Each structure stands twice: as structure tokens, then as C-alpha cells.
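Dear colleague,

Please find below the structure I wished to pass on to you. My notes on it follow, and I would be grateful if you read them with the coordinates open.

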Amino acid sequence: MKTAAIIPAFNEAESLPDVISEIKELFPEHLIVVVNDGSTDETADIANKFDCVCLSMPFNLGIGGALRLGFRYCLDREIDCAYQFDADGDDGWSESYLGM
């Protein structure tokens, strides 16, 4: 089963490296799709540095537009399962997922 994490990101260069690293560590088989939502910082460069798919929009459309692009990308590539993951890294999801 092909699975992808879609990360909508607007000016998230500071938190994105940790978020990507955590996904890669826990789910190395998942494709990571970063949707750079018109960022003016190094968000796109970081996504590329971490060998993620990086879809860059020319200006900020907001979370709805970013997710639409990410899910469309996955549908067009016949990804079986795709999920949204926040770029800010403040959800604490891994601690609850792993029972920490």
C-alpha cells in the first residue's frame, strides 16, 4: 500500500526539519509531500533538502488550497492512503501514538 503524509506549510522553516525527521523515523516507507503555501522563508529549500516532494504555490492560498493540491497530487499518482500532518510540530502526536 502506498501511503503519503501531506504537510501544508506556510513559513515553517524552523519547525519543518524536526517534523520531517520524525515522520521519516517512524514511517520510513511513507512518501512525504510538503505543500509550500507561498512561504517567504526557507520552507521549500528544507523540504527539498530532506528529499521530500515539494509542491510550491506562488502565493498563500491557506490550508484548504494547500491540502487540495496535496491530495490531488496523491490521487494523480495513485497513492492508496494520504493523511494530513501539521508542519508546526506542536501537536505532540508521536508521544500519544507511541504511548509516551
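The cover over the buried residues of helix α1 includes β1 (3-9), β2 (31-37), α2 (43-49) and β4 (81-84). Please bear in mind that this is a predicted model. Helix α1 itself comprises residues 16-26, and its buried residues are Leu16, Val19, Ile20 and Ile23. Viewed down the axis of α1, these buried residues fall within an arc of 95°, so they line one face of the helix. Asp18 and Glu25, on the other side of α1, are exposed.

Ser15 counts as buried because its relative accessibility is 16%, under the 20% cut-off. The side chain of Ser15 is in polar contact with the side chain of Glu12 at 3.0 Å, and the Ser15 side chain also reaches the backbone oxygen of Ala87 at 2.7 Å. Leaving aside residues up to four places away in sequence, Ser15 touches Ala87 and Asp88.

As to the chain as a whole, four helices and four strands are present, following the pattern β-α-β-α-β-α-β-α along the sequence. The radius of gyration is 13 Å, close to the 13 Å that the globule rule gives for 100 residues, so the chain is as compact as a globular protein of that length. Of the 100 residues, 42% count as buried. Among contacts between residues at least 6 apart in sequence, 68% join residues at least 24 apart.

With kind regards

How values were computed. Residues are numbered from 1 along each chain as its sequence is written. This is a predicted model: local features need pLDDT of at least 70, side-chain atom pairs count only at pLDDT 80 or more; totals for chains, interfaces and linings use all residues. Side-chain values use heavy atoms; hydrogens and water are left out. Buried means under 20% relative accessible area, exposed over 50%, partly exposed in between (1.4 Å probe, protein chains only). Helices (H or I, at least four residues) and strands (E, at least two) are DSSP runs, numbered from the N terminus. The arc is that of the directions from the helix axis to the C-beta atoms. Contact means heavy atoms within 4.5 Å. A polar contact is a pair of N or O atoms within 3.5 Å; within protein, one must be able to donate a hydrogen and the other to accept it, and residues adjacent in sequence count only if both atoms are side-chain atoms. The radius of gyration is taken over C-alpha atoms; the globule rule is 2.2 Å times the number of residues to the power 0.38.
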